[in-house]
Amino acid sequence: MQVDAVVLDIDGVLVDVADSYRRAIVESVDRVYGDTIAKADIQRFKNAGGFNNDWELTDAAALFVLTSRETDVNVAAFTDAIAETGGGLDAAKAVVRELLEENAEQVLDAWDPRGLREVFQTLYLGSELYRDLEGGEPAFDAPGYINDEPKLVSEATLDALQERYAVGVVTGRPAAEADIAMDRVGLAIPEEHRFTMDDWEQGKPHPHALLTLAERFDARQVAFAGDTLDDIQTAVNADDEDPDRVYYGVGVLTGGLTGEDGRATYASAGASAVVESVEDLPDLLE
């Protein structure tokens, strides 16, 4: 991989979100519906595709909880059906309608995405930051799980990457939350070299952000390091769409996919390489 540019995801690559975003998913559904999924089951939704946005994953998890009260379905069957239907929240709603038929509208009426989002943001941001970023009062007092995101990358690794390559960021985070994470790890990226949830409608795995950064960098070969199958698919989609450049998807094993099973899952999705952590990226690219 003789690359000119490196693009980094944030969650599971630069910061550990197991006790922040993923904890907020589980606890948001529980607060609203009195039942929830296991934290380990979040990866099943991620692997189904189309859930780069954790608000939408929370919505889909809530749909599962509500659907499981009406019919005998487990998380594995529910997420497999989502994957077969194309992935993402629209697929989750389609699965609900297929499973429940005439009872589906009852579940969809009980489903409250706005309420889930308010609880999620309160849990994740905490009361004070919620007021600053959301512009209103939080649903309840909370310290904020955003404060519990350990760094996964060292200053030395970021320096090595920025000395050798053009470096960009593509993340599903809102811009303000991306800024907080990048400040935490000490990564300064100009706005024109990053894409957040606020910058393009489609989100990953749509290749627009990666294609645009490659053009802005005038790069011929681009490595995109991420922790989900949607990240790998983003690189695959960019490579398919842009015949003038080469895009490599690099799977990182510090998110939900780990160990040998994680390596095999990345490989089956078309990853060009897999690393234990982003700390291994400079050596991989040498």
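This is a predicted model: local features need pLDDT of at least 70, side-chain atom pairs count only at pLDDT 80 or more; totals for chains, interfaces and linings use all residues.
1. As for its position, Asp9 belongs to the loop that runs between strand β1 (5–8) and helix α1 (21–33). When neighbours within four places in sequence are left aside, the residues in contact with Asp9 include Leu14, Val170, Thr171, Phe224 and Asp227. Lys204 is also in contact with Asp9, and the side chains of Asp9 and Lys204 are joined by a polar contact of 3.1 Å.

2. Turning to the rings, the structure holds 7 aromatic pairs. In the pair formed by Tyr21 and Tyr124, the ring centres are 4.1 Å apart and the planes stand at 10°, so this pair is stacked. Because Tyr21 lies in helix α1 and Tyr124 in helix α7 (residues 113–125), the pair ties together parts that are 103 residues apart in sequence. Both Tyr21 and Tyr124 are buried.

3. Two arginines deserve a mention alongside the aromatic residues. Arg31 lies over the face of Phe140, at 3.9 Å from the ring centre, while the charged end of Arg117 sits over the ring of Trp55, at 4.0 Å from the centre of that ring.

Notes:
Residues are numbered from 1 along each chain as its sequence is written. Side-chain values use heavy atoms; hydrogens and water are left out. Helices (H or I, at least four residues) and strands (E, at least two) are DSSP runs, numbered from the N terminus. A polar contact is a pair of N or O atoms within 3.5 Å; within protein, one must be able to donate a hydrogen and the other to accept it, and residues adjacent in sequence count only if both atoms are side-chain atoms. Contact means heavy atoms within 4.5 Å. Rings of Phe, Tyr and Trp (its six-membered ring) pair if their centres lie within 6.5 Å; planes under 30 degrees apart count as stacked, over 60 as edge-to-face and the rest as tilted. Buried means under 20% relative accessible area, exposed over 50%, partly exposed in between (1.4 Å probe, protein chains only). A charge sits over a ring if NZ of Lys or CZ of Arg is within 6 Å of the ring centre and within 35 degrees of the ring normal.
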